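Please read the following report alongside the sequence and the three-dimensional model.

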Amino acid sequence: MSQNSSRREAMRAQQQAQEAAARHRKIVGIVAGILVVAIIAAVVIWAVNRDKGSEEATGPQVKPPSATGSAHAYVVNKGKAKKGAPVLKVYEDFQCPVCKQVEDIFGKKFETLAASGDIELQWQTLTFLDENMRNDSSERAASALACADTVNKLAPYHDTVFANQPEEGTGYTDDQLRGDFAKDAGITGADLTKFQRCYDTKATKDFAATAADEGLKEGTNLEKKFGTPFMTVNGKTWEDWKNLTSANQAQLLDAIRTADQ
């Protein structure tokens, strides 16, 4: 065999070995990819099943004490409103960034007017952003608010949740809702135990869900392009708040009083 022939045979053998190695790597890659997909699918199935299981309430359902009669909204400082005081209703979703901005601007002023009895302030919690954000954060936050009301911490907890609104789409964690926010809202001792039991057993899940459904229905009946934040005075759409971001408390009260005239 000539030297050239030997060289060609060696090169051919090397090429065949490289092709075989490439085929082997490709097969290994495909198998690994299938395994990764299978693992991901298994994790997704587990997560879905876990979430389905977690959605089920494990305790009796309760109605928060600040609820408005047979409806599913809250009255802030229930029983404080003076006779004939206008009813200001705020529709909000805890994951709504603009709702947080409105809360930052008007929240304390509205609550002060409610505490003095000059208005009846109502909160209607919605959860439709869960679908947009692909999570259940609004629903869990709304349920937690109802639990906070059972230990007389409605407003402090409401304000704490909005003050700590996460980056859009991130959502609130259970540790925040049942732990950090509760403590920041002043829920301690036996009340903290009661609150966390309420949250863990989803005792206010039905209330929060019905409130969201009712709020969305009410809003869409009043406004075709309904979205949060949204406000009404004595049941009528009130949009003038958008022009009152610099108003003081007295000016706000005057605007609310004249809104239904």
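## Basis of the model

This is a predicted model, in which local features need pLDDT of at least 70 and side-chain atom pairs count only at pLDDT 80 or more, whereas totals for chains, interfaces and linings use all residues. Residues are numbered from 1 along each chain as its sequence is written, and side-chain values use heavy atoms, with hydrogens and water left out.

## Overall architecture

The protein contains nine helices and five strands, where helices (H or I, at least four residues) and strands (E, at least two) are DSSP runs numbered from the N terminus. Read from the N terminus, the order of elements is α-β-β-α-β-α-α-α-α-α-α-β-β-α.

Of the 261 residues, 40% are buried; buried means under 20% relative accessible area, exposed over 50%, and partly exposed in between, with a 1.4 Å probe and protein chains only. The protein exposes about 14600 Å², of which carbon and sulfur atoms supply 52%; these areas come from the Shrake-Rupley method with a 1.4 Å probe, and for residues only the protein chains shown count as cover. Taking contact to mean heavy atoms within 4.5 Å, 74% of the contacts between residues at least 6 apart in sequence join residues at least 24 apart.

## Helix packing

Helix 4 (residues 137–149) and helix 7 (residues 189–200) pack at an angle of about 145°, and their axes are 9 Å apart; axes are lines fitted to C-alpha atoms, for helices over the stretch in contact, and angles run from 0 to 180 degrees between N-to-C directions. The crossing of helix 4 with helix 7 is right-handed, a crossing being left-handed if the near helix is turned anticlockwise from the far one by less than a right angle, and right-handed if clockwise. On the helix 4 side, Arg140, Ala144, Cys147 and Ala148 meet Phe195, Cys198 and Tyr199 of helix 7. By class, this contact of helix 4 with helix 7 has six nonpolar, no polar and one charged residues, where Ala, Val, Leu, Ile, Met, Phe, Trp, Tyr, Cys and Pro count as nonpolar, Asp, Glu, Lys and Arg as charged, and the others, Gly among them, as polar.

Helix 5 and helix 6 (residues 174–184) pack at an angle of about 115°, with axes 9 Å apart, and they too cross in a right-handed sense. Here Tyr157, Thr160 and Val161 of helix 5 meet Leu177, Phe181, Ala182 and Asp184 of helix 6. The residues in this contact of helix 5 with helix 6 divide into five nonpolar, one polar and one charged.

## The nonpolar core

In soluble globular proteins, nonpolar side chains tend to be buried together. The largest nonpolar core in this model has 52 residues, and those with the most contacts inside it are Leu88, Phe110, Leu121, Tyr157, Ile187, Phe195 and Trp238; such a core is a set of buried Ala, Val, Leu, Ile, Met, Phe, Trp, Tyr and Cys residues joined through side-chain atoms within 4.5 Å. Leaving aside residues up to four places away in sequence, Leu121 touches Tyr74, Val75, Val76, Leu88, Val90, Phe110, Glu111 and Ala114.

Leu126 lies in strand 3 (residues 120–126) and counts as buried at 1% relative accessibility. Its C-alpha atom is 6.9 Å from that of Ala211, although Leu126 and Ala211 are 85 residues apart in sequence. Beyond residues up to four places away in sequence, the contacts of Leu126 include Tyr91, Ser138, Leu216, Phe226 and Thr228.

## Loops and backbone features

Asn77, in the loop between strand 1 (74–76) and strand 2 (87–93), has a phi near 60°, a positive value in a residue other than glycine. Asn77 is partly exposed, with a relative accessible area of 36%, and it touches Glu111, Ala114 and Ala115 when residues up to four places away in sequence are not counted. Lys83 is found in the loop between strand 1 and strand 2 and is exposed, with a relative accessible area of 88%; the C-alpha atoms of Lys83 and Asp118, 35 residues apart along the chain, are separated by 9.0 Å.

Asn152, in the loop between helix 4 and helix 5 (154–163), also has a positive phi, of about 65°, without being a glycine, and is exposed at a relative accessible area of 68%. A cis peptide bond, with omega about 0°, joins Thr228 and Pro229, and Pro229 lies in the loop between helix 8 (205–222) and strand 4 (230–233).
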